[in-house]
Amino acid sequence: MRICCCLTGHLELARRCDLYGTPVVVGDADGRVLAASEEALPFSVEPGIPVRQAEHLCPQATLLSSDPVAADRLRERIAAALYDLAPCIEVRVEGIAWLDLEGVPSPSESIRGARRRLRTAVGREPRLGLAPGPFSARLAAARARPGRLLKIDDARAFLAPLPTRELLLDDEQMERLDLLGLRTLGAVAAIGPRELESQLGREGRRAVLLARGLEPDQLTPWQPPMFTSAHRQFEPPVQDREALLFVARALCGDLAEELGLRGAGAKQMRVRLICEDGAVEARESIVRHPLSSAAELFGLVGSWIKSWEPHTPITEMWIELPVLEAAGRRQLVLWGPHAGGVGGGGNSDEVTAALERFQERHGDAVVRKPRPLLPSSPIPSQRFA
Amino acid sequence: MQVHARPLGGKTETLDHAIEAIRVRFGSQALTRVAELPPPLPWPSGTPLDRLTGIGGLPRGRLTLLTGTGTCGKLTLALALLAQATQEFAHAAVIDHARQFDPWAMLPFDPDLGSLTVITPPSAEAAGEAASALARAGTGFILLMGEIPEPWLAPMEAGAARSSAVVVGVVDAPGRALAHASSLSIGFTQAGWIYERGQLVGVNVGAHCSKNKLAPPVGESDLEIFYAIGSIAPPHRSGEVRKGRQLSALAQQLDVECVSAAV
Amino acid sequence: MTRLMNPPSPVAVTLNADGTPAYITGAWTGPVDPITRWKVETEWWAQAIVREYWKVVLNSDLLCELFRDVARDEWFIERVYD
């Protein structure tokens, strides 16, 4: 088993890239520190202490409230971005991403890809570690420089000198270890699992296995949801068709970005307009080819909206993709401007999809690639197909 | 959506407030002042038209019209543009509602047929739909062989502006809507036939900018278009470009470059 | 360069005394000045196509090609130069 671990810092901090390089403290709903930037750590600010205490320790720190929904959404997007790099990935909101590279034909490419995509996603270089298991890979990454990979072959030898606090046990268990004179992972590894289990319970057995590099924990694989949607509420309600088209285009862009990250396409599409009087106008379609680009999605949604006659103002628009399937990987830039804006370099898939949709509406014969048949024929109509 | 604001005192403030409210509600890209729009990037086509546009090429993201009646060379130039586009862009499309496009006529310009797609819509409405969809999808170059209905002009323009596609229309005399939608309109007029050894071998053509929203007008160009005599093989002088004669005293006064395209 | 009428557009042709086209009516109308002519005979092994082609100038400003289908004695405009 070969595991690559990428550390980006807590995703709550990644929501504010503009504060990188400054001390930042994120407080949770209970008034405790949820995450602190590296610049705040020298002031003894660490997760778990009260926010008031953190303010006192580091007055110059920027205090932020946690946004678990946004952090989780970022976690999902990062997971979707890494999804095709390894058979099994796990991403945590604490800013830890693992990739199981077992069986990957080119692990170095996957690692490079992960570094690149994480850098784009969070705006800074991740720290990377490669080791036989998740625990040792994480500790290796923590000791790597930003943008660098620390590779470990002998996990036990690497872990031996590290302090026992890396086991992430609670305070009471750490105190017991200290009383037992076990201050390094090497010392813990030398103890028999049953012996430490008798002192600390199951956590003790687990601690010994971790310290020996035996990795009892498996990754929890991330699975992409097979349903996605986007919606917008209008306040005040909207009846203008151009406004609806404008918002629909933006929603299709968001959905396309998400689909592209997953390499998925929508086989079914549903648009729902919630009217001011509570009525719902909906339209649904199953498509022949999976739709995945913004242009494809909006091509269908836009044509529906143009043909609609809303009788009352619209308060909410939902665009739902209830059935997703693999649509092949497309080259997309994470969180960046769409490459098609350069002109002429429009995504070939989008042009092909536009032609296919046109053929679906008007017949296959309306689109052709001219090819020579009898170029020297004296009859002009025979020269080209 | 473009907005022109005239200094009318209190009305300007009201307009500014409305613009700000729309931007807050729908995003900053919902409205753009004309002065904020970036100038269109030119596409150097390698044809004499580059000199007439004032920006060194055809405008990306805008509609260019080639107009003129009779045998005046507009389609010849359009096919030369199309052939060049097939070499430079991944996708070039011809929307041929009237079913008059002949790929054989492009051969003297050495096109890359692998990049070319011909769309023959069953109706003018379908032609407009195809133009709009392809412009939006990012087709590099679109040649319209004929007019498209007015309702499709705005979507096509918006799609082309978004994707920076080069859109060229070839019409004898554009309707008001199409003329208004174009950013550049070049008129071709036949100035006389070219005879060599008693044989009609080509046509003299004058090309002038009748509309230019991109740059000040830069004068006129005289062209010599040679057509194959006979029926079958592409002409032996295919792709020839040479300096032509000074045609008149007026031509001497203008910054004239006479070029020939053997077709 | 040229527009190809596919299928060719039928026209009615008035001939000069020497058999050259003088005037056409139909999709295009007006006097024509013949420039050159050639004959095409092909597909004799199947259904023979025999055509008499003319390159003409129509109304003094439109160069085009028309042909006479010899078997059916019908005239068509096939190509317009632009």
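**View 1. Contact between chains A and B.** The contact draws 32 residues from chain A and 34 residues from chain B, two residues being in contact if their C-beta atoms, placed from the backbone, lie within 7 Å. This is a predicted model, in which local features need pLDDT of at least 70 and side-chain atom pairs count only at pLDDT 80 or more, while totals for chains, interfaces and linings use all residues. Residues are numbered from 1 along each chain as its sequence is written, and chains are lettered from A in the order in which they are written.

On the side of chain B that touches chain A, β7 (116–119) and α4 (124–137) of chain B each supply at least two residues. Helices (H or I, at least four residues) and strands (E, at least two) are DSSP runs, numbered from the N terminus. The largest share of that side, 6 residues, comes from α4(B).

**View 2. Strand pairing across the two chains.** Strand β13 (residues 367–368) of chain A and β7(B) run antiparallel and are joined by 2 bridges; strands pair if DSSP finds at least two bridges between them. A:Val367 stands opposite B:Ile119 in β7(B).

**View 3. Helices α4 and α5 of chain B.** The axes of α4(B) and α5(B) (residues 153–163) come within 7 Å and cross at roughly 15 degrees. Axes are lines fitted to C-alpha atoms over the stretch in contact, with angles from 0 to 180 degrees between N-to-C directions. α4(B) is therefore roughly parallel to α5(B), a term for angles under 35 degrees.

**View 4. Residues between the two helices.** In α4(B), B:Ala131, B:Ser132, B:Ala135 and B:Arg136 meet residues of α5(B), including B:Pro155, B:Met156 and B:Gly159.

Key
Angles under 35 degrees count as roughly parallel, over 145 as roughly antiparallel, 65 to 115 as roughly perpendicular and the rest as oblique.
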